Amino acid sequence: MAPPTVITLKTSFLAAQTRLLAQPIAPSRAWRNANDNAEDGIPEKALDDALFRLNQLLQQHSRRVHAPQATRHVAEQIDRLYWDAAERYIEQNDDSGLRMDDLAESEAIEALPPTWESEREANALPLEARRYSELVSRLQELNERKKQAESAVAKLRQMKALLEPFQADEEGRGVQENLVTRDGEVEKELERMKLLLARVSGRVGHLLEQSGGSRGSDSSDLFGGDGTAVTVDDVEVEEMRKVKDLLGRF
């Protein structure tokens, strides 16, 4: 089990003290005996009613002032004071220049020793030394994940910068609506173009047959299949190649 932190210890201490302050108030037995024997003593019913009302107010005050959130906040302030004191001590007595806030930097994390440097202190405090090693290992693991996330973010930002020219303006105008999407306008236009090309190819082939120069022609070509014409399939292959080249940059 890991040793408790400063926040945990101070929260437990403050909670115990607030519970003591919230305990119901009751007069001692000696005071009650003296009150019963006095000629002008307070009636027992009036005393009980007053104590009941007082304890109610005490409980309400404790719930408002000593709420768990307030106790946690005070414990965090105490923890911050400990950190500030440690940082001032390091600044005054350590020449390495390391600050507490530097532990969020990759260079400082990578420079941390994997085990506690002082063997004497490690033997005297084995639990703390083991916890230090575990925390350093965990911190270095998180640092590697942070680097991977930063690299992914950089790639995404680069991709966003490259794709910004393709974004539509505020009025919806731009090249975004011209991108090929399933059941989109471009797909419909391509279907109509295929039909048109088929008709034109058939018509040209028919004219060439009439003129006697259409032997060996391929109806899938645009102008009779001489091997140099561009077909619709070639256009689609070329567009796919461009998309793959763009994605290959990342």
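This is a predicted model: local features need pLDDT of at least 70, side-chain atom pairs count only at pLDDT 80 or more; totals for chains, interfaces and linings use all residues.
User: Thanks. And Y132, is that one buried or exposed?

Analyst: Y132 counts as buried, at 18% relative accessibility. The cut-off for buried is under 20%.

User: How many aromatic pairs does the count come to?

Analyst: The count comes to one aromatic pair. The partners are W116 and Y132, with ring centres 5.1 Å apart and planes at 90 degrees, so the pair is edge-to-face.

User: Nice. Why do you quote both a distance and an angle?

Analyst: Because a pair of aromatic rings is described by the distance of the centres and the angle of the planes.

User: Which parts does the pair tie together?

Analyst: W116 belongs to the loop between helix 5 (106-111) and helix 6 (119-124), while Y132 is in helix 7 (residues 126-163), so the pair links parts 16 residues apart in sequence.

User: Switching topic: what does the secondary structure come to overall?

Analyst: The protein has nine helices and zero strands. Along the sequence, that reads α-α-α-α-α-α-α-α-α.

User: What percentage of the residues is buried?

Analyst: Of the 250 residues in the protein, 13% are buried.

User: Last one: what share of the contacts comes from residues 24 or more positions apart?

Analyst: Among contacts with a separation of 6 or more, those residues account for 48%.

Definitions and conventions. Residues are numbered from 1 along each chain as its sequence is written. Side-chain values use heavy atoms; hydrogens and water are left out. Helices (H or I, at least four residues) and strands (E, at least two) are DSSP runs, numbered from the N terminus. Buried means under 20% relative accessible area, exposed over 50%, partly exposed in between (1.4 Å probe, protein chains only). Contact means heavy atoms within 4.5 Å. Rings of Phe, Tyr and Trp (its six-membered ring) pair if their centres lie within 6.5 Å; planes under 30 degrees apart count as stacked, over 60 as edge-to-face and the rest as tilted.
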